[in-house]
Amino acid sequence: EFVSEAFSQVYVAMLVVGQVSDREAMCILDQSLAALAPHSPIPSVLYSQVRAVSICPGTYVQRIITDNAANSDNSINCTIYTPTPTRGTGDYRSKAMLSLIAHIMAIPFFDQLRTQEQLGYMVNCSWITNNSGGASGLQLCIQGSSNPEYMCLRVEKFLVDFTPRLESMSECEFQANIAARVTANLELPRKIVKATNQVWQKIQDGNYDFEYTGELNAQLESLTRADMLEFWHTYVNPLCASAEMTRVVVQVWSAGAADLAPGMRSAEVMAEYPLPTIALHLCLTQIGADELLLSDVGRFVATSGMPSDPNLDSGVEIDADGPRLTVAEYQRRLAALYKAVVLETAAAEQMLGKPSAEVERICALIADDQAQLCTALQMALESDQFTSSLLTSQPAILCGHKTATTLMQTFSGAWIISDYLAFKREQPLCAPAIPVIQLQAKYSSRPSII
């Protein structure tokens, strides 16, 4: 009965590839239909359609903790979406802009976060397209041993620092990037499997947009530098905080990283402390300075005299409220705070505490100006200059949300997704894709099979 009921709810969509004539393809189709007999395919109005979820603009964070204790890798996937396209349009202009920005960013993104900062062994910048009615976006991925909060901040800081590079790009360089992107789009698939998958995807999406590449290149060639900068500041630049900006950040925590700082699993922590302070605390925990509580780190950052120089560097003196201090001096103060907390903890528990050699090792790591902890400290000290960003230390104006049962707002205004499935169920769906072109039957009647 189950088999009979299951086969009564199917239809056949087929793409025949290879040295096959029309009649032979029809024969293959007839064989498939005969296998379903006595059931007939369901009518087209009952076909299942892929429907993308439509979420309100904002920043959303989902945390996933892996079960494999032996795997020490963490990762983040940050996707910046453009608005959902108007029903029945291919939205080629937004896709052209995303493909161009991804092309320009890819090498600098890899060089900065992989080669120079060694943030992870996999660092990738690309763009994704949703042809089933949903939005397209810019996708930034990192996988490695760094903690996910620190990864998020470094991605955010890269986007902030990359803005001047786009603004200073010459017209000649801009046109060269467009030409390179158009050439890449025109490159033909080297394997028939890839060409087949491209066609099959258009069929599955239901848009039958087989002229996609030509339309995309036409839009690319019409873009200007002003168009690119407007798009960047509207949808990508974290400091602009456009009402249309939508970001979804998925953090994958290894079981080991989650166990090092179990309090970080709590959304309440994200609502009370700025992300730069949390990232600094996680970096301290990773090197073994677990005696320092998040509250200790928060007080240290809050009383350290926030600098206002965006070019803050460990070797450059800065003006602050009080004496002129360098980041290196803040590192020494943080190491001194750690020593004091270790002694205080040992005295309170009437125990010997950590061996002095271990304490000195951790203090040396805190003072290392090439370590991630130094960068995390620098970001925490700089955070007061940023607004409308995950990098900020300024609390957002918290507001309600229609799905408040599954979301909690963080200090900077991002939304923590506590229950992904419930959140997904509560969101409206995008309209299904409709064909960009109308298909026409090749034959008025089925050709005879010879």
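**Salt bridges**

Reply: Asp 227 is partly exposed at 21% relative accessibility, the term covering values between buried (under 20% relative accessible area) and exposed (over 50%), with a 1.4 Å probe and protein chains only. This is a predicted model, in which local features need pLDDT of at least 70, side-chain atom pairs count only at pLDDT 80 or more, and totals for chains, interfaces and linings use all residues. Residues are numbered from 1 along each chain as its sequence is written, and side-chain values use heavy atoms, without hydrogens and water.

Asp 227 pairs with Arg 93 in a salt bridge at 2.8 Å, N to O, the term requiring a side-chain nitrogen of Lys or Arg within 4 Å of a carboxyl oxygen of Asp or Glu. Because Asp 227 belongs to helix α8 (residues 225–236) and Arg 93 to helix α3 (residues 92–116), this pair ties together parts that are 134 residues apart in sequence. Helices (H or I, at least four residues) and strands (E, at least two) are DSSP runs, numbered from the N terminus. Arg 93 is also partly exposed, its relative accessible area being 35%.

The structure holds eleven salt bridges. One of them joins the side chains of Arg 63 and Glu 149 at 2.3 Å, N to O. Arg 63 is in strand β1 (residues 58–65) and Glu 149 in helix α4 (residues 148–167), so the pair links parts that are 86 residues apart in sequence. Glu 149 is buried, with a relative accessible area of 0%.

Another salt bridge pairs Arg 190 with Glu 187, with the closest N and O atoms 3.4 Å apart. Arg 190 is exposed, at 77% relative accessible area.
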